[in-house]
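User: I'd like to learn how to read the contacts in a model like this one. Can you take me through it feature by feature?

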Amino acid sequence: MSFLDLKNVTKIYPNGTKAVHETSLSIDEGEFMVFVGPSGCGKSTLLRMVAGLEDITEGDINLDGKLMNEVDPSERDVAMVFQNYALYPHMNVYNNLAYGLKNRGIDKETIEQKVNDAAKLLQISDYLQRKPSMLSGGQRQRVAMGRAIVRNPKIFLFDEPLSNLDAKLRIQMRLEIKKLQQKVGVTSIFVTHDQVEAMTLADRLAVINNGIIEQLGTPIEIYDNPKSLFVAGFIGSPQMNFLDGNLKNKTLSAESFKIKDIISDFEGDVTLGIRPEHLSQKENGLINLKVDLVEQLGSDNLVYGQLKDKKDFCYRCPGNLIIEKGSNLSLNIENNKYYIFDKSTGKRVN
Amino acid sequence: MKIKPLQIIAHIILILGVLLMVVPIWISFASSSHDSVTILTEGMKFHIGDQLARNYNEVLNEKGGWSEEVTAAKMFINSFIMALGIATLKVVISAMSAYALVYYRFKLAVPIFWLIFITLLVPLEVRIFPSYKIVSDLGLTNSYTGLILPLVASATATFFFRQFYKTIPDELLESAKLDGANAWSFFIDFLVPLSKTMIAAMFIFMFVYGYSQYLWPLIMTTAEEYWTVVMGMKIIYTESYEGVALPRTAERFAYIILSMIPPVLVVVFLQKWFIKGLIQTEK
Ligand SMILES: Nc1ncnc2c1ncn2[C@@H]1O[C@H](COP(=O)(O)OP(=O)(O)OP(=O)(O)O)[C@@H](O)[C@H]1O
Ligand SMILES: [Mg+2]
């Protein structure tokens, strides 16, 4: 049995909303797991069940070998960082950090020691006497992290903790969280709907849709090998291009081109997925793109345009290539990196 | 800076309001510093006279009542104990019941809340006979407990605390729970400090309410040593009407002025929080 074990966990809210369906998941000690998915897919619900803030309708949650279903959140030894931080407004930073330790009946000197250590680690030592209302967003974020770290819990839970920060600070804090987690080595679950955040932070990633884990794996596995249309569309930026087609006798026919010798026995309507970065310019290539717009990011160019059949399409090329608006590009798919999904079920078939 | 006509009108209205409040108090105070004879013959006074010290000394220390034993000072103490007891218990009980109503999501929470709320329609004066019956069956007449106990439940304060608790974000409770707080420590460590301005405001209201009770102490007490200030206002110095003695009007004014002091002190001491409580922003 691994460190955290979810077995067929289901959550049905009193109003009948089924937020999580029979989800099973194992997380190893020290692992950084990220739940990613669109808004309302049930990731917070799943996290809150681990914390004990929501009842588990069905299934079991085991933490460190103990069944958690009936254990009160205060007894679970988990720490959570909330989206709005939920700092204690009437306590100064020191007491915010110390409160959980006091409740555990730890003596004063030890508390002071631990709080000061955590404060140093997070660089908030200068603010210990301030109230949360006198801190900036980034500093509050650190205090929230400090409150979690100081208790040395079995598991850290993060529910979109970076979404209230501006873009630059978010990237900085993301890095810090990752470093901190590696330094402290605590098992962590991080919830986000931002796929870049998910990819950069995760040891392993769970892509959740409609209360079901669609795919579980390392970020690279999921990026390279999406098992469903949903995962393929959700992970990767800019989004994967999707084209309609039909598969018969190992030949895929799209509006404007055909691909032969496909390794799949599937026959019927399919969706073809091609990542913008898996294309390259080649004379007499498969795909003809009429360029509408070029976004120059410096290192890369994002080229947006339309195919013959007016389908929107995106191509990502190195930043040193000069591409004119209105020009026609001929593109090939690199190394046969394309994905074929059953159109009706969204399942990967190649 | 130019003053707009609208501002002038606003200020005139405000000044009139202030005068309306202050003038009667001033007249009472000024009149309390004269001889009763002067007031009886010349009417109430606007300026300070020369009998101030004598009148106040008289009022505080003269023994009255049938037993010739109660003094005004004793009545002040009684009123203070009663008001303090009522205000403290009202605040404590309402804060706790609001806590139960908001945070323990049992099915009957809403009906119970409305049940508490409609008791606003049944003030003590309406239920005075049953209340008296209960208190006297318990043998609590002529005691501080009897004076205080029937008045300690408060729908108003429960309502205000409930509304306040509802504005506290759920995450605060959740985060406290994960930090190992139990039901009691969440109340003491979070709700009480967060609502301290509210508590101060409620305490003032309830203190004044308790202090100005008239009917209940009147019915409840037969022993003079439990008389309260407000009762005293009616009773004190009436004996002077008998016989030839003159009504002691000046002393009565002095008594009225003295009776205002305790509530004023409470307001002065708590006003910093009180005002914050009314315009609650700190959350
Ligand atoms: N207390 C509740 N009662 C009833 N339904 C709820 C409750 N909380 C959440 N839901 C529903 O459960 C589903 C999952 O909600 P959840 O909060 O887990 O989503 P999420 O993945 O965290 O979304 P977001 O990214 O927007 O935070 C949603 O459809 C939501 O409407
Ligand atoms: Mg959420």
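User: How many residue pairs in polar contact does the rule find across the interface of chain A and chain B?

Analyst: A polar contact is a pair of N or O atoms within 3.5 Å; within protein, one must be able to donate a hydrogen and the other to accept it, and residues adjacent in sequence count only if both atoms are side-chain atoms. Across the interface of chain A and chain B that rule finds 10 residue pairs, both residues at pLDDT 80 or more. A word on the ground rules: this is a predicted model, where local features need pLDDT of at least 70, side-chain atom pairs count only at pLDDT 80 or more, and totals for chains, interfaces and linings use all residues. Residues are numbered from 1 along each chain as its sequence is written, chains are lettered from A and ligands numbered from 1 in the order in which they are written, and side-chain values use heavy atoms, with hydrogens and water left out.

User: Which elements give two or more residues to the side of chain A that touches chain B?

Analyst: Helices (H or I, at least four residues) and strands (E, at least two) are DSSP runs, numbered from the N terminus. Here the elements are α1 (43-51), β6 (78-81) and α2 (93-103) of chain A. The largest share comes from α2(A), with four residues.

User: And how many salt bridges does the rule find across that interface of chain A and chain B?

Analyst: Look for a side-chain nitrogen of Lys or Arg within 4 Å of a carboxyl oxygen of Asp or Glu. The rule finds two between chain A and chain B. In the salt bridge of A:Arg151 with B:Asp179, the closest N and O atoms are 2.8 Å apart.

User: What area is buried between chain A and chain B?

Analyst: The size of an interface is often given as the accessible area lost when the parts come together. Buried area here uses a 1.4 Å probe and is summed over both parts. For chain A and chain B that comes to about 1700 Å², with carbon and sulfur atoms giving 59%. On the chain A side, A:Tyr88, A:His90 and A:Tyr99 lose the most, together 30% of what that side buries. Contact means heavy atoms within 4.5 Å, and by that rule chain A brings 22 residues and chain B 16.

User: Where are the domains of chain A, and what area do they bury between them?

Analyst: Domain bounds come from an automatic or database domain assignment. Chain A has domain 1 (4-232) and domain 2 (238-342), and their centres, taken over C-alpha atoms, are 38 Å apart. Each domain gives eight residues to the contact. The pair buries about 670 Å², 58% of it on carbon and sulfur atoms. A:Tyr223, A:Leu229 and A:Ala232 supply 75% of the area on the domain 1 side, more than any other three residues. Between the two domains you'll count zero salt bridges, but three residue pairs in polar contact, both residues at pLDDT 80 or more.

User: Which residues come nearest to ligand 1?

Analyst: A residue is near a molecule if one of its heavy atoms lies within 4 Å of it. Of the 13 residues around ligand 1, the nearest are A:Ser39, A:Gly40, A:Lys43, A:Ser44 and A:Thr45. A polar side-chain atom of A:Ser39 sits 2.5 Å from an oxygen atom of ligand 1. For A:Glu160, a polar side-chain atom is 3.0 Å from a ligand 1 oxygen. With A:Gly42, a backbone N or O atom lies 3.0 Å from an oxygen atom of ligand 1.

Definitions and conventions
Buried area is the accessible area (1.4 Å probe) that two parts lose on being put together, summed over both.
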